[in-house]
Amino acid sequence: MTFRHPAERDFKGSIGRTVQESSPDWPAAPSSAGKPNVVLIVLDDTGFAHLGCYGSTIATPNIDRLAGEGLRFTGFHTTALCSSSRACLLTGRNHHAVGMRAISNMDTGYPNMRGAVTRSAATLAEVLRDHGVATFAAGKWHLAPMAECTAAGPFHNWPLQRGFDRYYGFLQGETDQFHPELTHDNHFVEQPKSPDEGYHVSEDIVDKSIGFIRDSVSIVPERPFFLYLAFGAMHAPHQAPRAYLDKYRGRFDAGWDVAREEWFARQKEMGIVPPGTGLAPRNPGVKPWVELSDNERKFAARLQEAFAAMLEHTDAQIGRLVSFLEELGLMENTLFMLVSDNGASQEGGPTGVLDEMRYFNLMAEDVEKAVERLDDIGGPQSHSNIPWGWAQAGNTPLKWYKQNTHGGGVRDPFIVHWPKGIGRPGEIRRQFCHAIDVAPTVLDVMGIEPPSVVAGVPQMPIHGASILSAFSDPQAKPARPVQYFEMGGDRGLWLDGWKAVTHHARGTPFEKDRWELYHLDEDFSEYHDLAEREPDRLKAMVERWWQEAEAHGVLPLDDRGAFDLFRASRRPGMPTSRSRFVYYPPVSHIVSDACPPVFRGWQMTAEIDHPAGAANGALVARGSINSGFAFYIDQDRLHFDYNCFHDHTLVAAPEALTPGKHEVGAVVERMADGSGTVALIIDGRTVVTAAIPKLLFLISSIGMDIGRSLSPVSEAYRAPFAYPGRIAKVVFELPRAEPDAAAANADRAHVRAAMSRQ
């Protein structure tokens, strides 16, 4: 026969006129039977010292056990931010080259910052799936532009379109741990139970991970699996069940200076840091603990308690996953890896924050007021982050933080557990390695050559290299001789055991940057700057940095401030690039990046058919119990609640709605001083007005629901507070967009939030 089916080009049978005259052929299905399973756990904002097995006194017994039965790497490095590190982990390429220079929320118009991973850099999941491996992702994604992360898509950068068979988690860079914005495969879903019933997102994503694996190995046990489990922990908000919070009461009252010295001593005893390592001096802005006021110490200690409680709770969930794999006899041949995506976060500022949205809104934390709510910290009514002093303690013995290319930003924990493939468990590995080395190591373990074409798209070279030899040989040489770093203008280069690094002051000429030089093989904490002693070496390394930058798409360097970066990402066609928004309920949850930008004020109207009886429910709800607004009906009366960090402006219509069709609305106007007014409107009549003391630039990192309130904004009702009547249409009208101070501050707030969601 002359016909050849395009999908059966390698058909080896024969085709005659009838079956009797033909012979069949079944193409071999891709298979990796007998190969190990792979589990890659990613922790967020976890510093080099935070895990017990890396020096801290925070209880992480399950992670410590993995380290004791596996290997701890002390030379593992990342990019200093979340989206970029995860792009490296999943592709084996440098982050600028794949289009993820920094945060996935932005597209600056240059190839190095598209907010999504280029198709010419296939993910590890895409490659493994093509070789017959089941692929699952759970938890944080943050590798798609958030403007795309709505029920309208496009979906081509979502997990299922980037190689994963199943997904359950949240697409944003952060989420409320008690009221997350959940996505299952390609659609938004509600959380399965309430916080009162014991809900926490870390438990939920581990439950789903176990379910994915159980289904797979029950039905096709010969097929290995790849699980990418990315916790929201330890990113803010730091939230944990009450029992964990209670355990740490008073544990950090001695302060960050004492803790840092203690953790450093433990690191030296464990051999995590070499003898002679220096403890980096306090970062600028970190005060000695004894110089803080009593309230500052109380507040900072309680924030650190919440961090520790969340970390131990996360460790317990990892323990549940390990126990499940052991129960099924799968741990023996599972390559189990645990990393952090960057160092401890600096977004808590010098005091720490109770409501992180204050930081985004350019508002300093009022410690004197915050201490009145100490018992809220770590629970649903807080959105907290630790201060600089505790962040540097988490990065012990290193300097600086997440977002910086010094050790505190880029040197992170890395644990490998694989009974079948590790020579002497419990040892420490000191070789330099990087996030781009993880994917090629997995491919090496699986015996897979990196493909030159995936889904018809030619692939760029893998930039990382396998570190498999180090699993069995503590003296194995580093897999590569050089690695560059760049984040927001901060730059660095590791070359044959030396490191050149500069902390760039934004807005200053790059050629004015002062470069430092460290012999990293001999100076773990970047303590002894040798720039003046070895100027020729430093000059050569800086020149090499520019070569590496050119080769990997780092250029153009971009240190623009928040306002300019956010403006650079605006373009027609984005969900927020209009002034009128029309919704036809029921509609799926809408993430914050696609919500109407209401910082200038807004008018919203809802066409409803109100049922008889006391019909209660939310018409529109945006945000959470920590900040947001709710437009709802209670006892047939229209209500509007504006929640500014637990300071509520609540207005209610004086009369009840009658059964039948109505047009109800609210008009919120911003005043020149940043305050506002609100008017409730029923069928064209203004029925009540009120003053709002302050309108926020960025009202919440949690998005919007129509016809319900999945994350309650007010304690006056309980989620999901679904409206029982019919909502035909909801319309938002925004004021005409003209450049003003409010717009500039809103831009800065949005970029602060985007950077902090890393």
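This is a short tour of a predicted model, stop by stop.

**Helix 15**

Select residues 535-551, which form helix 15. At 1.5 Å a residue, its 17 residues should span 24 Å, and the end C-alpha atoms are 24 Å apart, which agrees. Now colour Leu538, Met541, Val542, Trp545, Glu548 and Ala549, the buried residues of helix 15. They cover an arc of only 120 degrees around the axis, which puts them on the same side of the helix. Show strands 15 (482-487), 16 (490-495), 17 (498-502) and 18 (516-518); these are among what covers that buried side. Turn to the face pointing away. There you find the exposed residues Asp536, Lys539, Glu550 and Ala551. Step just past the helix to Gly553, which has a positive phi of about 75 degrees.

**Charges over rings**

Pick Arg537 next. Arg537 lies over the face of Trp498, 3.8 Å from the ring centre. Then go to Arg411, which sits over the face of Phe524 at 3.7 Å from the ring centre.

**Aromatic pairs**

The structure holds 27 aromatic pairs. Select Trp602 and Phe629: a tilted pair, 4.7 Å centre to centre, with 35 degrees between the planes. Trp602 is in strand 20 and Phe629 in strand 22, 27 residues apart. Both Trp602 and Phe629 are buried. Move on to Tyr632 and Phe721, an edge-to-face pair at 5.8 Å and 65 degrees. Tyr632 is in strand 22, while Phe721 is in the loop between strands 28 and 29, 89 residues apart. Tyr632 is buried at 2% relative accessible area; Phe721, at 14%, also counts as buried.

**Last stop**

Select Tyr248, Phe252, Trp256, Trp289 and Trp390. Together they form one aromatic cluster.

Conventions: Residues are numbered from 1 along each chain as its sequence is written. This is a predicted model: local features need pLDDT of at least 70, side-chain atom pairs count only at pLDDT 80 or more; totals for chains, interfaces and linings use all residues. Side-chain values use heavy atoms; hydrogens and water are left out. Helices (H or I, at least four residues) and strands (E, at least two) are DSSP runs, numbered from the N terminus. The expected span of a helix is 1.5 Å times one less than its number of residues. Buried means under 20% relative accessible area, exposed over 50%, partly exposed in between (1.4 Å probe, protein chains only). The arc is that of the directions from the helix axis to the C-beta atoms. Contact means heavy atoms within 4.5 Å. Rings of Phe, Tyr and Trp (its six-membered ring) pair if their centres lie within 6.5 Å; planes under 30 degrees apart count as stacked, over 60 as edge-to-face and the rest as tilted. A charge sits over a ring if NZ of Lys or CZ of Arg is within 6 Å of the ring centre and within 35 degrees of the ring normal.
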